[in-house]
Amino acid sequence: MRRRKLLWHIFPSYLLITIIAVTAVSWYSVNAVRRFHLEETAAALTARARLLEERARPLIARSDADALDSLAKELGAAVSTRITVIAPNGVVTADSEEDPAVMDNHGDRPEIVQAMTGEVGRSSRYSYTLETNMMYVAVPVSSETGIAGVVRTAVPLTAVEDQLRTTRTRIALAALLLLALSAVVGLAVSRRIARPLHQMQRGAERFARGDLEHTVPVPDSAEFASLAQSLNTMATELDERIRAVVQQKAEQEAVFAGMTEGVAAVDREGRIITLNRAASRMFGIEPDTARGRAMQEVIRSTGLHEIAGAALDGEGPIERQMAVGAPDERILEAHAAPLRNDDQEISGAVIVLNDVTKLRRLESVRKDFVANVSHELRTPITSIKGFVETLRDGLDGDAGQNGRFLDIIGKHVDRLDAIIEDLLYLSRIEEDTEHTSIVLEHHPVADLLRQTIDSCGPAAAQKNVEIRLSADESLTARVSRQLMGHAIANLLDNAIKYSDAGGIIDVEAEGDGGDVVISVRDRGTGIAEEHQSRIFERFYQVDKSRSREMGGTGLGLSIAKHIVHAHGGTIAVQSMLNQGSTFSIYLPANGRFQNEGGS
Ligand code: ADP
């Protein structure tokens with residue numbers, strides 16, 4: 001529906017009222033003036049008739065028609081009035097304009113009829129004699145016997161009408177002028193009323209566009225002023241509320257984004273509403289591209305779809321563990337719950353995800369460790385038990401045999417001792433690392449290496465292995481002398497063990513802008529590639545029987561790795577089967593403690 005402007009509601013009615021008022025006043029004025037003029041004319045005619053009556057009475061008494069006629073003609077010309085004298089029987093005896101002899105009997109003329117009753121007769125009508133509108137006033141001439149005749153004065157109404165026409169024109173002009181003036185004033189007033197409304201309308205439009213800091217000007221009139229003030233108050237309150245909502249949203253998003261738990265929310269149709277950074281990282285997707293899309297389309301995890309579906313079906317909080325990400329598999333613990341609106345209807349579901357990969361791995365490492373330790377200990381114990389029983393059975397037998405058995409028992413006991421010692425050492429390092437009680441100090445690297453090589457001297461000499469050292473004497477590293485010495489000794493010990501008799505081992509140290517690299521290179525058996533990534537695990541041995549034969553526990557490299565990690569460094573191996581191995585310890589200048597879990 002097309003709506004008219006407020007101006008066109010106010011202005012036409014205003015104009016209509018003005019037109020009615022001006023027309024009414026004009027009409028009344030024209031009538032009043034007309035009445036006034038006619039009364040004036042009638043009064044003048046009456047006065048003249050009365051004057052004439054005085055002069056005509058003797059002549060009427062004498063019935064001197066000629067004298068009367070001359071008097072009528074003379075006075076009529078003098079005062080520009082038609083004067084007629086009529087006998088009681090209606091016969092015209094004198095007339096200022098015509099010959100009375102040719103005139104009709106005037107007895108039936110309304111003014112004459114009225115004058116004959118003794119009153120002043122009055123009439124306005126068309127005169128066929130003079131062919132114009134006339135006003136007649138008739139005054140009875142009374143005598144002792146009654147009414148002796150009637151003196152009638154008359155004037156044409158044309159003069160009055162001329163006068164009236166001029167007056168009417170003037171009034172009409174004045175009315176038109178008044179109308180035009182009031183139209184202009186009305187238009188101005190209407191605009192004045194509408195203007196504040198327009199301003200408020202423009203202000204409301206700006207509010208709707210979000211410009212809530214704008215203020216609507218407050219008009220003078222009380223009603224509009226309170227409306228404008230209400231609008232301004234509403235805008236301010238709205239602005240405050242929007243700010244509060246925006247702030248709340250920002251805070252919520254910051255909390256979501258900062259959470260280590262993944263949070264995903266879906267709507268009733270399973271489309272993603274929110275996905276925080278942690279959740280998108282878990283599934284390897286972009287949060288912005290995921291929003292608004294179906295969960296099935298974006299996240300490939302049947303487990304997740306199932307629990308989201310169950311939550312949307314109204315099942316209470318659901319908990320499930322699932323594996324996601326094919327090559328780099330992660331284990332997630334998901335909790336899903338339905339989202340309900342004010343009417344308790346399900347409007348979506350929220351899923352909270354915890355990455356429990358590390359926890360599960362630690363659990364499995366711990367389980368493996370216990371199994372490994374038990375296994376490693378059981379072998380020598382079973383052997384010891386067996387030999388002890390054999391000994392008991394044949395105690396009085398061959399003394400040489402008994403001595404061999406006791407040697408074997410002694411070897412196993414040594415192995416048990418070595419394993420337990422290594423395990424205790426490992427747990428001590430772990431504890432120290434956890435409590436950051438390892439003290440790091442700058443030590444000359446060459447000095448440290450020399451001392452370690454010396455400690456391995458007897459073993460090297462036994463195998464006739466030469467150990468060469470190449471290190472800058474001025475090179476220092478921030479280390480725990482005792483721990484780092486132990487780690488390097490383990491590497492050297494292995495290098496000697498897996499070198500052929502008469503082999504050469506190179507121990508080198510290099511500095512690079514504060515970083516230090518220590519390497520131990522042998523030319524021994526080497527390690528096949530498939531084992532290289534696992535030799536740092538606890539109890540891992542490439543050739544178990546051979547390593548055991550040499551007194552290995554499978555814990556040496558694991559201890560070395562822990563020590564290096566406790567220094568904030570890394571350890572790596574480069575090896576080729578039957579060509580030798582190089583173990584390198586990398587100690588960064590800004591190395592710090594790392595609480596490493598794992599093997
Ligand atoms: P072990 O006490 O058995 O030596 P380690 O943890 O020190 O245990 O080493 C684990 C395994 O890695 C060894 O059993 C061995 O198979 C292999 N290994 C370690 N160092 C060397 C090396 N220098 N040359 C060849 N193999 C090695």
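A264 has L275 of β7 as its bridge partner. The model is a predicted one. A264 also stands opposite I351, a residue of β10. The strands β6 and β7 run antiparallel and are joined by three bridges. Together β6 and β7 make a hairpin with four residues between them, and G270 in that turn has a positive phi of about 85°. With strand β10 (residues 346-355), β6 pairs in the antiparallel sense over six bridges.

Is strand β6 buried or exposed? Six of the six residues of β6 (residues 262-267) are buried, so the strand is largely enclosed by the rest of the structure. In a regular strand, side chains alternate between the two faces of the sheet. In β6, G262, A264 and V266 point one way, while V263, A265 and D267 point the other way, and all are buried.

## The five-stranded sheet

An open sheet of mixed pairing is built from five strands in the order β12-β14-β15-β17-β16. Its edges are β12 (466-471) and β16 (570-576); each has a single partner strand, so one side of each lacks a neighbour in the sheet. On average, neighbouring strands here are turned by 15° against each other, direction ignored.

Helix α12 (residues 445-455) packs on this sheet and touches β12, β14 and β15. The direction of α12 makes about 175° with that of β12.

| Strand pair | Sense | Bridges |
|---|---|---|
| β14 and β15 | antiparallel | seven |
| β15 and β17 | antiparallel | six |
| β6 and β10 | antiparallel | six |
| β6 and β7 | antiparallel | three |

Strand β14 covers residues 504-512 and β15 covers residues 515-521. The two form a hairpin with two residues between them, and G513 in the turn has a positive phi of about 55°. Within this pairing, A509 has I518 of β15 as its bridge partner, and D506 is partnered by R521. Towards β17, V517 stands opposite Y586. Strand β15 is mostly covered, with five of its seven residues buried.

## Helix α17

Helix α17 (residues 556-566) lies across β16 and β17 (580-587) and runs at about 140° to β16. How many of the residues of α17 are buried? Eleven of its eleven residues are buried. Just after the helix, G568 takes a positive phi of about 80°.

In soluble globular proteins, nonpolar side chains tend to be buried together. The largest nonpolar core of this model has 50 residues, and I505, I518 and I585 touch the most other members. Helix α14 (residues 481-497) gives the largest share of this core, eight residues.

Which residues does I585 contact, leaving aside its neighbours within four places in sequence? They are M484, I488, L491, V516, V517, I518, V564, T570 and I571.

A second, separate core holds 28 residues, including A290, A311, I318 and I351.

## The chain as a whole

The protein has 17 helices and 17 strands. Its radius of gyration is 66 Å, well over the 25 Å that the globule rule gives for 599 residues, so the protein is more spread out than a compact globule. Along its principal axes, the C-alpha trace spans about 210 × 60 × 35 Å.

Buried residues make up 40% of the 599 residues. The protein exposes about 34600 Å², and carbon and sulfur atoms supply 53% of that area. Of the contacts between residues at least 6 apart in sequence, 58% join residues at least 24 apart.

Methods
Residues are numbered from 1 along each chain as its sequence is written. This is a predicted model: local features need pLDDT of at least 70, side-chain atom pairs count only at pLDDT 80 or more; totals for chains, interfaces and linings use all residues. Side-chain values use heavy atoms; hydrogens and water are left out. Two strands pair if DSSP finds at least two bridges between them. Axes are lines fitted to C-alpha atoms, for helices over the stretch in contact, and angles run from 0 to 180 degrees between N-to-C directions. Contact means heavy atoms within 4.5 Å. A nonpolar core is a set of buried Ala, Val, Leu, Ile, Met, Phe, Trp, Tyr and Cys residues joined through side-chain atoms within 4.5 Å. Buried means under 20% relative accessible area, exposed over 50%, partly exposed in between (1.4 Å probe, protein chains only). The radius of gyration is taken over C-alpha atoms; the globule rule is 2.2 Å times the number of residues to the power 0.38. Accessible areas come from the Shrake-Rupley method with a 1.4 Å probe; for residues, only the protein chains shown count as cover.
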